[in-house]
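Dear colleague,

I am passing on the structure we spoke about, and below it you will find notes on what turned up when I went through it. Please read them with the structure open beside you.

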Amino acid sequence: PGPAPWGPGDGVCGEHQEALKLFCEEDQTSICVICRESQAHRAHKIVPIQEAAQEYKVQSCSHLQTLREEREKLQKIVSEFQELRQVLEEQERLLLAGLDKLDKEILKKQNENVTKLSEQISRLSELISELEGKCQKPVSEFLQVRLSEKHLRSPHREGRAAPWDPGPVPARTGLLGSVRNGPRLPQANVTLDPDTAHPELVLSEDGKSVRRGDTRQRLPNNPERFDTVLCVLGCEGFTSGRHCWEVEVAGGGGWAVGVARESVGRKGGISRRPEWGIWAVEQWGGQFRALTSTATPLPLSRFPSRIRVCLDCDRGQVTFIDAGDEAPIFTFPPGSVPGERIQPWLGVWPGSQLSLCP
């Protein structure tokens with residue numbers, strides 16, 4: 001609407017001193033009856049000032065209502081925008097939480113894949129070395145080795161097979177005295193060395209048990225630590241005398257128990273066999289075997305749950321016994337273990353836990 005249909009002053013025409021009773025719609029101003037007849041307003045549309053005021057009031061009310069409606073629309077838009085922003089913020093929070101969870105799952109899967117690939121690489125390296133060694137031997141020697149391996153296996157109690165017979169042991173004096181009615185050697189107090197443990201292995205506070213963790217720990221990559229194969233060494237090392245300790249096996253995963261020389265390789269893929277400085281037995285993939293130069297299957301009626309490791313440093317020999325029924329499992333022959341510092345060695349594959357006893 002235009003300006004109010006009345007001019008300044010007290011409602012009296014300033015030129016003619018007459019009451020302002022009319023309103024010129026062309027000039028949008030209040031005029032008197034004399035101004036109506038003047039040349040300036042004669043051709044214009046003139047209405048009574050009360051009528052003009054009423055029309056102005058109606059227009060003002062209509063405009064006011066329009067402004068109120070526009071304000072309500074804007075307020076509604078602002079409210080809807082705020083609700084939408086809250087919905088978007090909630091979706092953002094949920095998406096970020098989902099991404100964080102997905103990142104953790106991806107990292108876990110990557111670590112599992114790296115571990116599996118490392119184990120496969122280690123086994124392939126072992127197989128390649130084994131095949132390369134065989135290919136370099138003359139045909140006659142190769143056949144002789146195969147025949148020797150066959151004859152070294154002799155029948156044992158209840159379907160057990162002993163790949164090596166340690167021969168007669170005097171009663172109460174031999175390494176296997178507990179099996180042949182002799183005294184059992186005192187058990188060595190063995191603990192695990194955390195500085196040698198693979199970053200995915202978790203050791204107990206007392207150093208008596210080890211299992212595989214869910215993630216790879218951020219540990220210093222010191223020279224003593226295994227960085228590829230999931231294994232750990234004992235803190236104790238032996239250079240002379242006879243020593244025994246027992247390892248309890250739990251879980252349904254694979255594992256390996258044995259000894260290793262102090263100079264065994266720690267970095268990259270290593271082969272778990274005597275040529276690399278490891279003498280052990282292993283349960284993996286439903287099979288039980290001795291980790292000789294060519295792995296020797298051990299057809300036992302059941303897998304042992306507690307293994308006694310007997311090391312004779314003076315003879316260079318290591319023997320494994322089922323601590324449950326005192327039955328010999330396997331013996332690496334005399335002279336197999338070199339005359340350097342020898343340490344307990346444990347391999348822990350996924351799903352298993354090994355504990356030193358007591």
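Strand E10 (residues 255-261) and strand E11 run antiparallel and are joined by six bridges, and within this pairing Val259 stands opposite Trp279 in E11. Please keep in mind throughout that this is a predicted model. Strand E11 itself, which covers residues 278-284, is mostly covered, with six of its seven residues buried. On to strand E12 (residues 287-290), E11 is joined by four bridges, again in an antiparallel run, and there Trp284 stands opposite Gln287. E11 and E12 form a hairpin with two residues between them, and Gly285 in the turn has a positive phi of about 60 degrees.

These strands belong to an open sheet of six, in the order E8-E17-E10-E11-E12-E13, with antiparallel pairing. Strand E8 (231-233) and strand E13 (296-297) stand at the edges and have a single partner strand each, so one side of each is left without a neighbour in the sheet. For E8, the pairing is with strand E17 (residues 342-348), to which three bridges join it in an antiparallel run, and Cys231 stands opposite Gly347 in E17.

Turning to charged pairs, the structure holds ten salt bridges. One of them is formed by Arg308 and Glu246, whose closest N and O atoms are 2.9 Å apart; this pair links distant parts of the chain, with Arg308 in strand E14 (residues 306-312) and Glu246 in strand E9 (residues 242-251), 62 residues apart. Arg308 counts as buried, at 1% relative accessibility, and Glu246 likewise counts as buried, at 3%.

Glu262 forms a salt bridge with Arg341, the closest N and O atoms being 3.1 Å apart, and this pair too links distant parts of the chain, since Glu262 is in the loop between E10 and E11 and Arg341 in the loop between E16 and E17, 79 residues apart. Here Glu262 is partly exposed, with a relative accessible area of 37%, and Arg341 is partly exposed as well, at 27%.

Glu282 lies in strand E11 and Arg272 in the loop between E10 and E11, so the pair ties together parts that are ten residues apart in sequence. Glu282 is buried, with a relative accessible area of 0%, and Arg272 counts as buried at 2% relative accessibility. Salt bridges that share partners also join Glu246, Arg306, Arg308 and Glu326 into one network. Glu326, found in the loop between strand E15 (317-322) and strand E16 (327-332), has a positive phi near 65 degrees although it is a residue other than glycine.

Finally, on the surface, Leu96, Leu99, Leu102 and Ile106 form a nonpolar patch with about 350 Å² of accessible area together, and Leu96 has its place in helix H2 (residues 49-136).

With kind regards

Definitions and conventions. Residues are numbered from 1 along each chain as its sequence is written. This is a predicted model: local features need pLDDT of at least 70, side-chain atom pairs count only at pLDDT 80 or more; totals for chains, interfaces and linings use all residues. Side-chain values use heavy atoms; hydrogens and water are left out. Patches are made of residues with over 30% relative accessible area and no salt bridge: like charges are joined within 9 Å, nonpolar side chains (Val, Leu, Ile, Met, Phe, Trp, Tyr) within 5 Å. Accessible areas come from the Shrake-Rupley method with a 1.4 Å probe; for residues, only the protein chains shown count as cover. A salt bridge is a side-chain nitrogen of Lys or Arg within 4 Å of a carboxyl oxygen of Asp or Glu. Two strands pair if DSSP finds at least two bridges between them. Buried means under 20% relative accessible area, exposed over 50%, partly exposed in between (1.4 Å probe, protein chains only).
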